[in-house]
Amino acid sequence: MNANIIDRDQSQGKRLTPALYTLLEACLEMKTTNTKVLAAHLCRSPATIRTEFQRILTFMDVHCRYEALRTAEENGFIRRKRR
């Protein structure tokens with residue numbers, strides 16, 4: 001179901017913004033979805049982080065942050081960095 005939604009959104013020209021990609025990548029790098037930790041790491045306010053997560057959840061049609069990360073990885077939006 002999520003693949004269809006993403007295909008439809010991409011066909012309409014909708015994409016995640018660079019700031020939203022950065023947030024998703026920071027979640028993987030920091031291994032957390034905690035608003036305060038991510039806000040400090042990205043030098044943004046906690047309110048901005050919450051708003052960006054809401055945009056991600058709406059875009060991907062998911063209900064939680066972890067599901068958004070999983071969906072982003074499955075659909076090739078982000079990749080885990082190998083060390």
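Contact here means heavy atoms within 4.5 Å. By that rule, and leaving aside neighbours within four places in sequence, Leu16 touches Tyr21, Leu24, Ile56, Phe59, Met60 and Phe77. You're looking at a predicted model, where local features need pLDDT of at least 70, side-chain atom pairs count only at pLDDT 80 or more, and totals for chains, interfaces and linings use all residues. Residues are numbered from 1 along each chain as its sequence is written, and side-chain values use heavy atoms, with hydrogens and water left out.

**The core**
- Leu16 also turns up in the largest nonpolar core, a set of 22 residues; such a core joins buried Ala, Val, Leu, Ile, Met, Phe, Trp, Tyr and Cys residues through side-chain atoms within 4.5 Å.
- Buried means under 20% relative accessible area, with a 1.4 Å probe and protein chains only.
- Helices H2 (18–30), H3 (35–42), H4 and H5 each supply at least two residues of this core; helices are DSSP runs (H or I, at least four residues), numbered from the N terminus.

**Where H4 meets H5**
- The axes of H4 (residues 46–60) and H5 (residues 65–74) come within 10 Å and cross at roughly 55°.
- Arg50, Phe53, Ile56, Leu57 and Met60 of H4 make the contact with Arg65, Ala68, Thr71 and Ala72 of H5.

**Around Asn34**
- Asn34 sits in the loop between H2 and H3.
- Its relative accessibility is 37%, so Asn34 counts as partly exposed (between the 20% limit for buried and the 50% limit for exposed).
- Asn34 and Arg50 are 16 residues apart in sequence, and their C-alpha atoms are 9.7 Å apart in space.

Note on methods. Axes fitted to C-alpha atoms, helices over the stretch in contact; angles between N-to-C directions.
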